[in-house]
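Here are some notes for a colleague opening this entry for the first time. Please have the sequence and the model on screen while reading the points below.

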Amino acid sequence: EGAPDKLNEALLRMAASFAVSDAKMREIIDRFHQSMRDGLNGDEAGMPMIPSFIDRRPTGNEQGKFLSLDLGGTNLRVCQVTLLGKSDFHMVQQKFTIPAEAKERTLFDWIAQCVSIFVEEHDVEPNPGEYSINCGFTFSFPINQTGLAEGNLIMWNKGFLVPNSVGRDVVRLTQDAFLRKHLRVRIVAILNDTVGALMTSCYSNPDSQLGIIFGTGTNACYWERLSNIGKWAGPKEGEMVINTEWGAFDNAIEVLPYTMHDNKLNRKSPNHGLQVFEKMISGMYLGEVARNALLYLVDQRLLFDGRSSPIFNKSYAFDTAYMSEIVSDDSPDLTEVRKVFEQTLEIPSPTLLDCKVAKAVCDMIGTRAMRLSAASMAAVLLWRPEMLKGTVTVGIDGSMYQFYPSFDKALYDNCRPFLGDDFVDNKLKLRLAKDGSGVGAAIIAAVASKHL
Ligand code: ADP
């Protein structure tokens with residue numbers, strides 16, 4: 001009774017709503033520049049554009065042993081990094097899952113406990129002639145940084161709620177917990193995970209200009225001229241890494257092509273109205289946008305014969321990792337796609353047409369994410385045209401970049417209209433900055449403690 005026509009029509013409309021034209025990308029790039037300019041000048045309408053206090057590029061010759069801590073949403077990683085110079089390093093790490101009690105109460109003492117276990121198990125000693133072990137701290141929560149090793153917590157997120165910590169210096173809180181345990185570990189730098197990716201990239205490629213995370217969330221940092229940072233009160237000579245917090249780009253949704261499925265996610269999320277760009281791009285959210293879009297078709301009885309499942313009805317039940325599996329399935333009968341829906345998500349008997357439709361929907365949302373990612377990367381590169389004269393390395397970390405099919409190729413290709421074929425083919429080098437948080441923190445600790 002004309003169902004295929006109705007389905008085709010619905011899919012065409014959906015494809016149009018998720019499409020991002022080159023003209024739209026250009027508009028996004030222009031607005032990105034305005035937002036960067038506002039942020040650098042301290043105007044709240046812009047992106048945060050947070051100075052990192054890192055004003056010296058690593059050379060790749062840094063040497064010595066350093067500790068690094070990486071506090072993310074679910075794990076604390078403690079690493080000992082041995083920088084060997086000549087861009088070479090060696091790393092030992094241990095992962096500790098953060099218990100609920102630490103998230104809600106005892107975080108800093110719990111961190112000290114983990115560091116103490118690590119230091120003992122791995123016989124970590126200070127570098128010769130030094131009293132303490134120098135440590136870099138990658139901290140993935142918003143802080144108001146006031147120095148290389150000083151930053152006041154703005155707020156918690158990701159389910160953390162440690163009492164008496166908002167507004168206080170998290171380095172001090174951690175350092176005090178170390179003292180209570182008589183740990184000879186001194187935190188010499190606090191940094192964002194994007195900064196870790198950029199430093200790791202700089203250690204092997206001195207021409208690195210950008211560090212990007214495409215993981216649970218998305219964010220980037222880059223080298224900016226101090227004279228461009230209007231809100232910076234210090235000396236104006238030289239450069240500093242700026243943490244853009246680009247996940248917060250266009251929170252007012254003035255240029256981003258938000259669809260009804262994005263609006264639904266945004267409205268139901270605890271950080272409604274915040275990180276709206278991140279919600280179109282990153283691993284934490286893409287699966288949920290896709291789930292919303294698929295259920296929209298189910299509700300019109302255009303997919304899965306109008307049937308969902310208790311599992312698929314749950315918010316965030318459709319992990320972005322499933323999208324990777326689905327879009328990479330090129331088998332004629334879409335075996336993997338069927339497996340995800342029938343076995344994992346318990347949707348009753350999906351047909352081949354269902355699988356094709358679901359794959360097409362995932363493709364639309366993944367493709368949009370890659371185009372927007374490319375637009376933001378191109379925007380930052382174009383912001384400093386003098387950078388584009390030579391080769392430029394971009395250090396990138398995160399599961400989306402590593403595992404979403406063709407993410408790397410799409411970043412290159414979608415930049416072409418804005419950066420030119422010659423630049424993309426011959427000068428742009430996108431590189432995985434693996435374990436960037438751990439290694440980058442050690443590099444900063446080395447630079448900070450002048451182990452050159
Ligand atoms: P983080 O950003 O927290 O350091 P990751 O870079 O590993 O950690 O990102 C985790 C996010 O990546 C999760 O939101 C997860 O859904 C998503 N993810 C994990 N595996 C894949 C995959 N194969 N394809 C796409 N996304 C993935």
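**Notes on the model**

1. The shell around the ligand consists of five nonpolar, nine polar and one charged residue. In this count Ala, Val, Leu, Ile, Met, Phe, Trp, Tyr, Cys and Pro are nonpolar, Asp, Glu, Lys and Arg are charged, and the others, Gly among them, are polar. The model is a predicted one: local features need pLDDT of at least 70, side-chain atom pairs count only at pLDDT 80 or more, and totals for chains, interfaces and linings use all residues. Residue numbers start from 1 along each chain as its sequence is written.

2. The ligand is surrounded by 15 residues, the closest being Gly-215, Gly-283, Ser-324, Ser-399 and Phe-403. A residue is near a molecule or strand if its C-beta atom, placed from the backbone, lies within 6 Å of it. Helix 7 (283–299), helix 8 (320–327) and helix 11 (399–403) each contribute at least two residues to this shell. Helices (H or I, at least four residues) and strands (E, at least two) are DSSP runs, numbered from the N terminus.

3. The domain assignment lists domain 1 (1–52 + 197–419) and domain 2 (63–191 + 436–448); such bounds come from an automatic or database domain assignment. Taken over C-alpha atoms, the centres of domain 1 and domain 2 are 30 Å apart. Contact between them involves 13 residues of domain 1 and 10 residues of domain 2, where contact means C-beta atoms, placed from the backbone, within 7 Å. On the side of domain 1 that touches domain 2, helix 5 gives the largest share, five residues.

4. The largest nonpolar core has 131 residues, and Cys-135, Ala-189, Ala-290, Ala-358, Val-361, Ile-365 and Met-377 have the most contacts inside it. Such a core is a set of buried Ala, Val, Leu, Ile, Met, Phe, Trp, Tyr and Cys residues joined through C-beta atoms within 7 Å. Helix 10 (residues 352–383) provides the largest share of this core, 17 residues. Both domain 1 and domain 2 give residues to the core, so it lies between them. Beyond residues up to four places away in sequence, Ala-290 touches Phe-318, Met-323, Val-361, Cys-362 and Ile-365.

5. In helix 6 (residues 260–268), His-261, Asp-262, Leu-265 and Asn-266 are buried. A residue is buried if 20 or more other C-beta atoms, placed from the backbone, lie within 10 Å of its own, exposed if 12 or fewer, and partly exposed in between. Met-260, Arg-267 and Lys-268 are exposed on the other side of helix 6. Helix 7 is included in what covers the buried residues of helix 6.

Conventions
Two residues are in contact if their C-beta atoms, placed from the backbone, lie within 7 Å.
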